[in-house]
Amino acid sequence: MAELKDILYKVSLTSTFGNMNVEVSNIAFDSRLVKNGFLFVAVKGSTSDGHEFIDKAVANGAAVIVCETLPATINEKITYITVKDSAQSLGIIAANFFGSPSQKLKLVGVTGTNGKTTTATLLYQLFGSLGHRCGLLSTVVNKIVDKDVLATHTTPDPIQLNALLKQMLEAGCTHVFMEVSSHAVDQERIAGLHFTGAIFTNITHDHLDYHKTFDNYIRAKKKFFDELSSSAFALVNADDKRGMVMLQNTKARKQSFGLKKMVDFKGKIITNSIEGLELEVNNKIVWFKLIGDFNAYNLLGVYGAAVLLGEDSDEVLRHLSNLQGAPGRFELVMPGSKVIAIVDYAHTPDALKNVLDTIAQFRTGNEQVITVVGCGGNRDKTKRPLMASIACRMSDKVVLTSDNPRDEEPIEIIREMQTGVMPSEARKTLVMADREEAIKTACMMAKERDIILIAGKGHENYQEIKGIKHPFDDKEVVTRMLKLIVN
Ligand SMILES: CC(=O)N[C@H]1[C@@H](OP(=O)(O)OP(=O)(O)OC[C@H]2O[C@@H](n3ccc(=O)[nH]c3=O)[C@H](O)[C@@H]2O)O[C@H](CO)[C@@H](O)[C@@H]1O[C@H](C)C(=O)N[C@@H](C)C(=O)N[C@H](CCC(=O)O)C(=O)O
Ligand SMILES: Nc1ncnc2c1ncn2[C@@H]1O[C@H](COP(=O)(O)OP(=O)(O)OP(=O)(O)O)[C@@H](O)[C@H]1O
Ligand SMILES: N[C@H](CCC[C@H](N)C(=O)O)C(=O)O
Ligand SMILES: [Mg+2]
C-alpha cells in the first residue's frame, strides 16, 4: 500500500478529480491486471490505446485512474488524474511506488544498435568478480545477484523494471547494469530512473519499422543522454559517427573510448585471433577471451565504465581478461571439432558484416565460409536484402532460412532477402526455410577446417511461428549435426 500523494511525487499533473487522500494497493498499465484498490495508468500504445480500457480497469476495481484525457463518463467514487504524458508519468509513478530503488544503486545503462548485451553482461561479470553484488537487466536474462529471472524484453516495462531494481536492492546489490533499447527510451520505460552512468556502443541500421527514419532512431538514443543528471557519466564510442552527437546536449560528464581518435579510454589491437584479442589498454598489453574487432570496443567501454565507477584500472584489466562474454555471441561450438562452427546473434546488417569480417581475418587458406542466416518476421523489412547481400558477398556458401517468422510466411521473408542477392551470387545460395534442415545442410557441405556461421538467434531457445514459441536452439542443433555428420 502507498499514499497516492507519495507516488505522484514529481509527476506533472494537469488536473485532478475526486479524493486525493487515498491509498493505492498496486499499480498497472494493463486493465486486465487491475485488482481492487489499484492505480491504472492509461497509455497510448502502438496497436491500441489504454484510454479505451479505463472502464475495464474501473470494473476490475481501480481506485485511481491516471490518463491524458478523461473518459466520457466519470465514476464519482474514483479519483481521476490527468497528465500531459502518461507513459512518462507511468515511469515516475513506478519508481515512486517501489521506493526509487535506482537512487540507492549505481545504475549504468547501455544503449546502441549492437553490443548492449555483451557490454552489460561483461560489466555484471566484472563487478561480480571484483567482489560487488550486482544485478543485470539484459536481452538474455535478468539477474538478481546469482538468481535468474526470465527476460521478456531487452528493457522491461517500468513496473517490472522498478520491481526488479527493488528486489536487487533488497538482495544487497550495489551495482546494476542494464540494456536500454531505443524502444524503451521512446516509450519512456526508463522515465524516473536515476542513472550513475550511460554507455553508447554504436548506431547502425535497425528497427526502422518502429522508428520510421534513421534520424528518429538516433534521436531516441540521444534522449537517454539528454536526460542524464550532471552527476552521471556519459561514455561514448568516439569512433562511431554519432558518438559525439550523443554528448551534444547532455549535462553528464562527457567521456569517450575508441581505437582511432583521441579519447579518454584508448585501445589498440595487437592481435586478433580465434583464441581471443590482445589489446593495448592504458599502456598495458592484455589478452582477452572475446573474439573480433567489435569486441575490442565492448571491452573498452566496459573498462572505461569500471574506471569511472571508481575501480582500480589494473585490477579491472586483470579481472576483465578472464571473462567469457555473453552466451550466443561469437560462441564457438564444440571447439576442436573438424569444422569451426560459430553461433552468433548478428541480426543487423552491421553485426553480420562485423562477424564475417572477423571470420575473414582468421582464414588461412582455402577453407570455405558457410553462412546460415534469416531475418525476423514482423520486424524491420528493409534490413532483409542488406543482410542477404552481406552474407553472399562475404561467404562462399549461404543458406537462407527462417529466424522467428512470427506472423509472416517464411518463404516471403526469404524472397525479400533474395532481392539483395546479385545474379552472379545466386548460385552460392540455397533456400531452406526449415532452420534445422538449413543447419544440417551447412554441416553436410562443410569440409575439414571450413567455418560455419549460424547467425541471428544466438542465445534464443525458440523459433517463433504464428504466436507460438517452438523449442529451438542453434547451439544444440549444430552440436547434434556436427556429431552426426562431421566428426
Ligand atoms: C512495439 C512495442 O514495443 N510494443 C510494446 C508496447 O506495446 P504496445 O504499444 O503494442 O501496446 P498496445 O497493445 O498498443 O496497448 C496499449 C496499452 O493498452 C493497454 N491495454 C491493452 C489491452 C487491454 O485489454 N487492456 C489494456 O489496458 C496495454 O497494457 C498498453 O498499455 O508496450 C508493451 C508493454 O510495455 C510491450 O510489451 C510491447 O512490446 C512488444 C511485445 C515488443 O515486441 N516489443 C519489442 C519490439 C521491443 O520492445 N524490443 C526492444 C528491443 C529492441 C532492440 O533490439 O534494441 C526491447 O526493449 O525488448
Ligand atoms: N560493439 C559491437 N559492434 C558491432 N557489432 C557488435 C558489437 N558487439 C556485438 N556485436 C554483434 O552484434 C550481435 C549482438 O550483440 P549483443 O547481443 O551484445 O547486442 P545488443 O545490442 O544487445 O542486441 P539487441 O538489441 O538485440 O539486444 C553479436 O552477436 C555480434 O554479432
Ligand atoms: N531485439 C531484436 C532481436 C532480433 C532477434 C532475431 N532473432 C529476430 O527475431 O528478429 C529485435 O526485437 O529486433
Ligand atoms: Mg541485447
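1. A crossing of two helices is called left-handed if the near helix is turned anticlockwise from the far one by less than a right angle, and right-handed if clockwise. By that rule the crossing of α13 and α14 is right-handed. Helix α13 (residues 383–394) and helix α14 (residues 410–418) pack with their axes 7 Å apart, at an angle of about 65 degrees. Axes here are lines fitted to C-alpha atoms, for helices over the stretch in contact, and angles run from 0 to 180 degrees between N-to-C directions. Helices (H or I, at least four residues) and strands (E, at least two) are DSSP runs, numbered from the N terminus.

2. The model is predicted: local features need pLDDT of at least 70, side-chain atom pairs count only at pLDDT 80 or more, and totals for chains, interfaces and linings use all residues. Residues are numbered from 1 along each chain as its sequence is written, while chains are lettered from A and ligands numbered from 1 in the order in which they are written.

3. Helix α4 (residues 116–129) and helix α10 (residues 293–308) cross at roughly 45 degrees, and their axes come within 9 Å. The pair is therefore oblique (under 35 degrees is roughly parallel, over 145 roughly antiparallel, 65 to 115 roughly perpendicular, the rest oblique). This crossing of α4 and α10 is right-handed.

4. On the α4 side, Thr 118, Thr 119, Leu 122, Leu 123 and Leu 126 meet residues of α10 that include Asn 295, Gly 301 and Ala 305. Contact requires C-beta atoms, placed from the backbone, within 7 Å. The contact of α4 with α10 has six nonpolar, five polar and no charged residues (Ala, Val, Leu, Ile, Met, Phe, Trp, Tyr, Cys and Pro are nonpolar; Asp, Glu, Lys and Arg charged; the others, Gly among them, polar).

5. UniProt, in an unreviewed entry, places "modified residue: N6-carboxylysine" at Lys 221; such annotations may be inferred rather than shown by experiment. Lys 221 lies in helix α8 (residues 214–226). Lys 221 is buried, with 25 other C-beta atoms within 10 Å (20 or more is buried, 12 or fewer exposed, in between partly exposed). Beyond four places in sequence, its contacts include Thr 111, Ser 182 and Phe 200.

6. Under "binding site" (unreviewed entry), UniProt lists Ser 31, Thr 154, Thr 155, Ser 181, Gln 187 and Arg 189. They span 159 residues in sequence and the farthest two C-alpha atoms are 25.0 Å apart, so they do not all gather at one spot. Thr 154, in the loop between β11 (147–149) and α5 (158–170), is buried with 20 C-beta neighbours inside 10 Å.

Key
Two residues are in contact if their C-beta atoms, placed from the backbone, lie within 7 Å.
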